[in-house]
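Please find below my notes on the model you sent.

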Amino acid sequence: MPEKKGTFTRPKAIRAICMVALYGVILLAAVLIGLEWDRRTARETTETFGSLEGRFISDVSLNYRGRTIYYRENEITNYLLIGMDREKEETADFQDGGQADFLMLLSIDRRNRAITPVMIDRDTMAQVPIYGVFGNPAGTRRMQICLAQAFSGSNVSGSENSKRAVSTLLSGIKIDHYLLLDMEGISLLNDAVGGVTVTLADDLTALDARLKKGETILLEGKLAEHFVRGRTTVADGTNASRMTRQKTYLEALLKTMQEKMRKDGLFLENVFDSISGHMESDTMESVLIHDANAYYQYDWKELILLPGEHRLGEDGFAEFWPDEAAMTETVVNLWFAR
């Protein structure tokens, strides 16, 4: 019987042979593709072109107990808080930018959802970048770290210089931003949060009759400035006792601010408005408010004081010499991957 026009018919045996041939072609193609893949993989392994290895490792490293460890750069944001002992005058020269009466690093750890405040003694002896009369870099000099604020270069402000000095002190970790508050801003900040309640461990009546040892008092106005800045005429006259008071004040201040932020979404904006003109930063206010709102519910760790000892320098000024080994352990535990 003749075949119908436009149709194809094959005996079963022929169809089976065709199917085997088709499978064979597919298998051969798969083998060839696999061989090419192996050759390409071998080339990439030896040439490492396009490799992602090492791209997410910080360029800040530390030799620790015989091996290299790296700063957790992608997980950490560090803010340097600077309290100025006076306002910088418009006519101030290149080495007259005031001193940092207060230095604290606020370290935000996004991986562990934690914030650790680290207080740095203003008298810490550190390598501070210095500049010539025309603002050009002139190396470093060991001096009290508070003096870094007094120096500025042609493109480096006093606060940027403080950032660099603190970074060098702490094994090169990156200081992402700074926030500076002058002395008049302390009272304004304190009153903007509704005052801060503390119990006095020292007798500060030389500054104000209300600041009696053992009293629990709501600090308002100038009382807050007296509490956190008083030194030479109160207690033992050292920066160590003042830092203890500053620690007490900061813990109470942060607790008060956290409570207010939970209740009022505009609280921080109002605070920034209150200290306007007395604060400066290298980042926008909107970024500061965003970060504060994003991280304030993180777990606040206990404030850390860098280890070391106080001495009297040959020039008669107080010096704080860090315990290098103990400080390295603190730095590694906070900021480096092991």
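**Notes on the predicted model**

1. Ser171 sits in the loop between helix 2 and strand 8 (177-181), where helices (H or I, at least four residues) and strands (E, at least two) are DSSP runs, numbered from the N terminus. Ser171 has a positive phi of about 60 degrees although it is not a glycine. Because its relative accessibility is 25%, Ser171 counts as partly exposed; on this scale buried means under 20% relative accessible area, exposed over 50%, and partly exposed in between, with a 1.4 Å probe and protein chains only.

2. A second residue of this kind is Arg113, which is not a glycine and yet has a positive phi of about 50 degrees. Arg113 is placed in the loop between strand 4 and strand 5 (114-120). As background, most residues other than glycine have a negative phi.

3. On the basis of the model: it is predicted, so that local features need pLDDT of at least 70 and side-chain atom pairs count only at pLDDT 80 or more, whereas totals for chains, interfaces and linings use all residues. Residues are numbered from 1 along each chain as its sequence is written, and side-chain values use heavy atoms, with hydrogens and water left out.

4. On confidence, pLDDT is the predictor's confidence in each residue, from 0 to 100. The protein chain has a mean pLDDT of 82, with 79% of its residues at 70 or more. Within the chain, confidence is highest in strand 10 (residues 216-219), at 96, and lowest in helix 1 (residues 12-47), at a mean of 47. Residues 1-12 stay under 50 in pLDDT, and for them the model has two contacts beyond four places in sequence, contact meaning heavy atoms within 4.5 Å. The pLDDT is also below 50 over residues 88-94, a stretch that has nine contacts in the model beyond near neighbours in sequence. Where pLDDT is low, the predicted coordinates should not be read in detail.

5. On the overall make-up, the protein chain contains eight helices and 16 strands, and buried residues make up 42% of its 338 residues. Among contacts between residues at least 6 apart in sequence, 58% join residues at least 24 apart.

6. On the pairing of helix 3 (residues 183-192) with helix 6 (residues 267-274), the two pack at an angle of about 150 degrees, with their axes 9 Å apart; axes are lines fitted to C-alpha atoms, for helices over the stretch in contact, and angles run from 0 to 180 degrees between N-to-C directions. Helix 3 and helix 6 are therefore roughly antiparallel to each other, given that angles under 35 degrees count as roughly parallel, over 145 as roughly antiparallel, 65 to 115 as roughly perpendicular and the rest as oblique. Leu188, Leu189 and Ala192 of helix 3 make the contact with Phe267, Val271 and Ser274 of helix 6. By class, the residues of this contact are five nonpolar, one polar and no charged, where Ala, Val, Leu, Ile, Met, Phe, Trp, Tyr, Cys and Pro count as nonpolar, Asp, Glu, Lys and Arg as charged, and the others, Gly among them, as polar.

7. Helix 3 also packs with helix 4 (residues 222-229), at an angle of about 120 degrees and with the axes 8 Å apart, which makes helix 3 oblique to helix 4. From helix 3, Met183, Ile186, Ser187 and Asn190 meet Lys222, Ala224, Glu225, Val228 and Arg229 in helix 4. Four nonpolar, two polar and three charged residues form this contact.

8. Which residues does Asp101 touch, not counting those up to four places away in sequence? They are Gly83, Met84, Asp85, Arg122, Arg229, Arg242 and Gln246. Asp101 lies in strand 4 (residues 100-109) and is buried, with a relative accessible area of 10%.

9. Asn78, in strand 3 (residues 76-84), counts as buried at 0% relative accessibility, and its contacts, leaving aside neighbours within four places in sequence, include Tyr71, Ile108, His177 and Trp335. The C-alpha atoms of Asn78 and Ile108 are 6.2 Å apart, although the two are 30 residues apart in sequence. Asn161, in helix 2 (residues 158-169), is likewise buried at 0% relative accessibility. With neighbours within four places left aside, Asn161 is in contact with Val128, Pro129, Tyr131, Ala148, Phe151 and Val156.
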